Amino acid sequence: MIALQWHRPLMLLATAMALLVLFSIGGLIVDDRVLTGLPIWAKAVKFALSVLIYAVTWAWLIAQLTRWRRVAWWAGTVAAVGLGVELAVIVTQIVRGTTSHFNFTTPLDAALWDTMGLSIIVVWVATLVVSLVLFRNPTPDPARNAAIRYGAALSLIGAALGMLMVMPTPAQRETGSAIQGAHTVGLPDGGPGLPILGWSTAGGDLRIPHFVGMHAVQLLPLVVMALEFGARRIPALQSARSRAALVTVTAATFGSLLAVLTWQALRGQSVVHPDAPTLLALALIASAATGSAAMIILRRPRSTHPSPDPLTAIGATR
């Protein structure tokens, strides 16, 4: 398979994650244990699917590089190993019937969580290295450059937001709890949440900005592909400058939404129960995005650039 040649370690990881998703779905069917309010195998399904998407995306991007490719290859390999370690810890703790995150209940639990935490840091640094290499490999199309660069930057920010969860809550410090850290703000983990995802419907949930931010690197290239398809019928999108400007507006909108989701979670507010300030912030973001996009589309383009084939790799420079 051609895809396997993009970056073999990451694609092998993706294959393993696909198998783990199937295995974990089986676990959901035959294992009725519940942990922090969700079926115990739900975490494995979510994490394996997220890692699968990560691995395929970054393997694809690394395959497009023409400069510093060896550096990116090794960074991708380190990331693949780190993610493999993280999922191994999660599955181990599921089998043991306990939580993998923030768990200092026993020396073994603490060692597994420390190992997992270290692997997450290693993956983040490796992703940063690949992102910097991507910046050094521009394509001829400014919209594609913007999508790759903004997507990688926002993805790194989203991943870093996960660090907000590892700090002990005031209640945990007060009681000396063996659980040091939480997904939920204002309430203990395990309360009412959205189906499957488990995001809190009663308090703030830091998993939301963490998840949303990490997947910017998939969203923005999809936006570019949509613009390139649209350029076949919409004259305003035939301008390379216009497409790049629209990608920039999308990235700014995404970043603003990420900031609001983080602010909302830190205030202990559920994503499904936004208050007036949150709604106002979202309305301002939507208005700014709509107005900016309309101005870009309606203005007279100074020059046009043939729209690339949207089916070609976003990062292709060959």
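**View 1. Leu-10 and its contacts.** Leu-10 touches Tyr-54, Ala-55, Trp-58, Ala-59, Ile-62, Gly-76 and Ala-80, leaving out residues up to four places away in sequence. Contact here means heavy atoms within 4.5 Å. The model is predicted: local features need pLDDT of at least 70, side-chain atom pairs count only at pLDDT 80 or more, and totals for chains, interfaces and linings use all residues. Residues are numbered from 1 along each chain as its sequence is written, and side-chain values use heavy atoms, with hydrogens and water left out.

**View 2. The nonpolar cores.** Which residues have the most contacts inside the largest nonpolar core? They are Leu-10, Leu-13 and Trp-58, in a core of 46 residues. Helix H1 (8-30), helix H2 (42-63), helix H3 (69-96), helix H4 (107-135) and helix H5 (142-160) each give two or more residues to this core. A second, separate core has 24 residues, including Leu-220, Val-249, Leu-261 and Ala-289. A nonpolar core is a set of buried Ala, Val, Leu, Ile, Met, Phe, Trp, Tyr and Cys residues joined through side-chain atoms within 4.5 Å. Buried means under 20% relative accessible area, exposed over 50%, and partly exposed in between (1.4 Å probe, protein chains only). Helices (H or I, at least four residues) and strands (E, at least two) are DSSP runs, numbered from the N terminus.

**View 3. A nonpolar surface patch.** Leu-19, Leu-22, Ile-25, Leu-28, Ile-29 and Val-30 make a nonpolar surface patch of about 630 Å². Ile-29 lies in helix H1. Ile-29 is exposed, at 69% relative accessible area. Patch residues have over 30% relative accessible area and no salt bridge; like charges are joined within 9 Å, nonpolar side chains (Val, Leu, Ile, Met, Phe, Trp, Tyr) within 5 Å. Areas come from the Shrake-Rupley method with a 1.4 Å probe; for residues, only the protein chains shown count as cover.

**View 4. Pro-209 in helix H7.** Pro-209 is found in helix H7 (residues 207-214). Is Pro-209 buried or exposed? Pro-209 is buried, with a relative accessible area of 1%. Beyond residues up to four places away in sequence, Pro-209 touches Gly-158, Leu-161, Leu-258, Leu-261 and Thr-262. Gly-158 is 51 residues from Pro-209 along the chain, yet their C-alpha atoms are separated by 6.4 Å.

**View 5. Ser-50 in helix H2.** Ser-50 is found in helix H2. Ser-50 counts as buried, at 19% relative accessible area. Neighbours within four places in sequence aside, Ser-50 is in contact with Met-214 and His-215.

**View 6. Salt bridges.** The structure holds six salt bridges. Each is a side-chain nitrogen of Lys or Arg within 4 Å of a carboxyl oxygen of Asp or Glu. Asp-31 forms one with Arg-33, with the closest N and O atoms 2.8 Å apart. Asp-31 is buried at 17% relative accessibility, while Arg-33 is partly exposed at 30%. Arg-96 pairs with Asp-109, the closest N and O atoms being 2.6 Å apart. Arg-96 lies in helix H3 and Asp-109 in helix H4, so this pair ties together parts 13 residues apart in sequence. Asp-109 is buried, at 3% relative accessible area. Asp-141 and Arg-243 meet in another salt bridge (3.1 Å, N to O). This pair links distant parts of the chain: Asp-141 sits in the loop between H4 and H5, and Arg-243 in helix H9 (residues 240-266), 102 residues apart. Both Asp-141 and Arg-243 are buried.
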